[in-house]
Amino acid sequence: RGGYRVLAVDHPERGRVESWPEGVEDCPLDLEAFAQAPASQAHFRGVVLERLAGETLSDFVIINNAAVQILEPLGETPYEGWARSMAVNSFAPLKMIETFLPELEHTGGRVVNLSSVHARLTKAGFAAYAASKAALESLTRTCALELSARGITVNAVAPGPVLTDNF
């Protein structure tokens, strides 16, 4: 945390984290709905700004770490799977940046997008996930170019597999 106030976004129903580390505040959000609905974006902005009310923002950092991993062979992934993967893995990070652009600009903020090794080096059955993470990397480069003039830094990291309970 290093002195940062941390609001952790988690889906309100699926895959909930049972307990966050001390000092991390739970902030439920359906990223698929957020990606597609301006009303959801405005509501979430209001929730976050209400929690930050009265604080002086010296830095504003967004870490886009959410992901949906649709694992099906080509030709077997329904449109809904592709749409959900692109919404959560690519479009939601864009909307998160746009939603908090005033705060990022005011503080010379930073954005870190978590991509995946699958954006560049993937395997069979990962088409939707790999494509959505490649889109996120392209979006990251575009945002870095466009937002650097406003003092905002945008980067991506692309880790390989991480051993988790879902692995």
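Rings of Phe, Tyr and Trp (its six-membered ring) were taken to pair if their centres lie within 6.5 Å, with planes under 30 degrees apart counted as stacked, over 60 as edge-to-face and the rest as tilted. The model is predicted, so that local features need pLDDT of at least 70 and side-chain atom pairs count only at pLDDT 80 or more, whereas totals for chains, interfaces and linings use all residues. Residues are numbered from 1 along each chain as its sequence is written, and side-chain values use heavy atoms, with hydrogens and water left out.

By the ring criterion there are 4 aromatic pairs. One of them, between Phe-44 and Phe-100, is edge-to-face, with 6.0 Å from centre to centre and 80° between the planes. This pair links distant parts of the chain, 56 residues apart, since Phe-44 belongs to helix H2 (residues 38-51) and Phe-100 to the loop between helix H3 (79-99) and helix H4 (101-107); helices are DSSP runs (H or I) of at least four residues and strands (E) of at least two, numbered from the N terminus. The rings of Phe-60 and Phe-100 have centres 5.6 Å apart and planes at 35°, and the pair is therefore tilted. Because Phe-60 lies in the loop between H2 and strand S3 (61-64), this pair ties together parts 40 residues apart in sequence. Phe-34, Phe-44, Phe-60 and Phe-100 form one aromatic cluster.

Phe-100 is buried, at a relative accessible area of 2%, and Phe-60 is buried at 9% relative accessibility, where buried means under 20% relative accessible area, exposed over 50% and partly exposed in between (1.4 Å probe, protein chains only).
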